[in-house]
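Hi everyone, thanks for making time today.

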Amino acid sequence: KHRIATFLAIVSSALAPYNGIYRVHLILVGDTSEGKNTIIESLTKFLEGTNILITNEDISPNALVYFKEVGSYDGKVVYIDQMDSKELRQLLQATSKKGISKTTTIKTVNENGDIDFIAKRYFIPGQAVFITTSVIDDMSITKYQQYRRFLKLYVRSTPENRDERGYVSLSIGDEVVDDTVEVKTTVTLDDKLIFLAYLLTRPKGAKVRHLDPYIKPLRDRIGEISEKATNVFIVLVRNLVRVVDIARGKTIADKDDLDFVMKWFKIDLVLNSFVISEREYAILDAIAKGYVFFDEIRDFLDMPKKILRECLFYLDDKGFVSHIKDENGEYVWRLGEKGKKLLNLIDELRYEDNGVISERIVEKLKMLKEKINGNTAYIEDVKRWVDEDTFKLLNNVKLIEVDMETKKVTLKDFNHNVHIIGEQNGSPNR
């Protein structure tokens, strides 16, 4: 999934200039040594040595507007490693405008020897594709605005994609490489030329708005949680569908393009609408399962303290969670209404797509089975045992049957009609 996203981001550099955010900007977030750079560089290697790829490990705040040698940012891919410690002042412009500009005051000496000040404007046209990584997720107001323009994917390795030494490994061609040693790539000059020819011959645009009726049902479900989030969702979906279409050499997107995007990125697109990733989702899920103290959440998710603290207070600021202090002065974390609704939406989507429900809902079902005598109970009793949103979820995924005439609920035998899998650290895509 992460490599597909990187590929699509690169292909979006072929698009002709358009209004607003029209390219796919990508940020991979995750702990150190999880393979974020390995994933990105497995694709950017095809562009090394060309004038398309711009790479920077150390970049100053105003550097983007001073890259005069690029001429135009259109058609360029800017790969910046580790955004956490960097404040790029023109990044908001760079990811949403048709150029980057900056006006500064310059001290001069006139012909009479007097000191004078003049305004000088710097401008570089075009919009590049920006690909970057992050570990800590330091969500300042500026970073929050920037990340609304990015597709944000969480990278967390599992034992299956680590070698016997515990290193994250990734296959390129016939060789397996890892991000812990310097390796020789299997990308040859011929490979680069073929990829370059492919990239430069992509269509410059594609029509996608006629697919909006297919997008609307999920958009409306997101809107029930936050209408503001629907704007981010629509932009991300349209941009990905447009790029999938031109990657296939077409100029009019079809349902297959949309289905491809939803197959790989549906859950991520929902989370990105609220400017969060799977990492924040995992924290919400842990709290819902009863891990309410900081150390409990950290141990359950095996997450570094600093990262967990940043994420918790970010989620608190956005209304997904809240916290109070107990008698010992320790924070107790709780889900807010927004967080409950988001978890239920993800659970619904997982069930609809794969027939899978989360462990959290399984526990609710088990509790109901113990309380309901003969598999039937009154609606008001069931709503008292589970919250309103969970009741709605169980009804939507048809795990309970509601009879409005008799005001009764019948619990279905979920052991037979639902495929239940255990979650790994709350990840909704596994």
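Let me start with a definition: a salt bridge here is a side-chain nitrogen of Lys or Arg within 4 Å of a carboxyl oxygen of Asp or Glu. By that rule, the count is 22 salt bridges. Before I go on, the housekeeping: this is a predicted model, where local features need pLDDT of at least 70 and side-chain atom pairs count only at pLDDT 80 or more, while totals for chains, interfaces and linings use all residues. Residues are numbered from 1 along each chain as its sequence is written, and side-chain values use heavy atoms, with hydrogens and water left out.

Take D212 and R238, whose side chains form a salt bridge at 2.6 Å, N to O. D212 belongs to helix α6 (residues 212-223) and R238 to helix α7 (residues 227-247), so the pair ties together parts 26 residues apart in sequence. Helices, by the way, are DSSP runs of H or I with at least four residues, strands are runs of E with at least two, and both are numbered from the N terminus.

Are these two partners buried or exposed? Buried means under 20% relative accessible area, exposed over 50%, and partly exposed in between, with a 1.4 Å probe and protein chains only. D212 is partly exposed at 21%, and R238 is buried at 16%.

Now over to R298. Another salt bridge joins R298 to D299 at 3.3 Å, N to O. D295 is partly exposed at 37%, and D299 is exposed at 54%.

On to the aromatics. Rings of Phe, Tyr and Trp (its six-membered ring) pair if their centres lie within 6.5 Å; planes under 30 degrees apart are stacked, over 60 edge-to-face, and the rest tilted. That gives 10 aromatic pairs. In one of them, F46 and F195 have ring centres 5.1 Å apart and planes at 35 degrees, so the pair is tilted. F46 lies in the loop between α2 (36-44) and β2 (53-56) and F195 in helix α5 (residues 189-200), so this contact links parts 149 residues apart in sequence. F195 is buried at 10%. F7, F46, F195 and Y198 form one aromatic cluster.

My last stop is Y331 and W333: with centres 6.0 Å apart and planes at 70 degrees, the pair is edge-to-face. Y331 is partly exposed at 32%, whereas W333 is buried at 2%.
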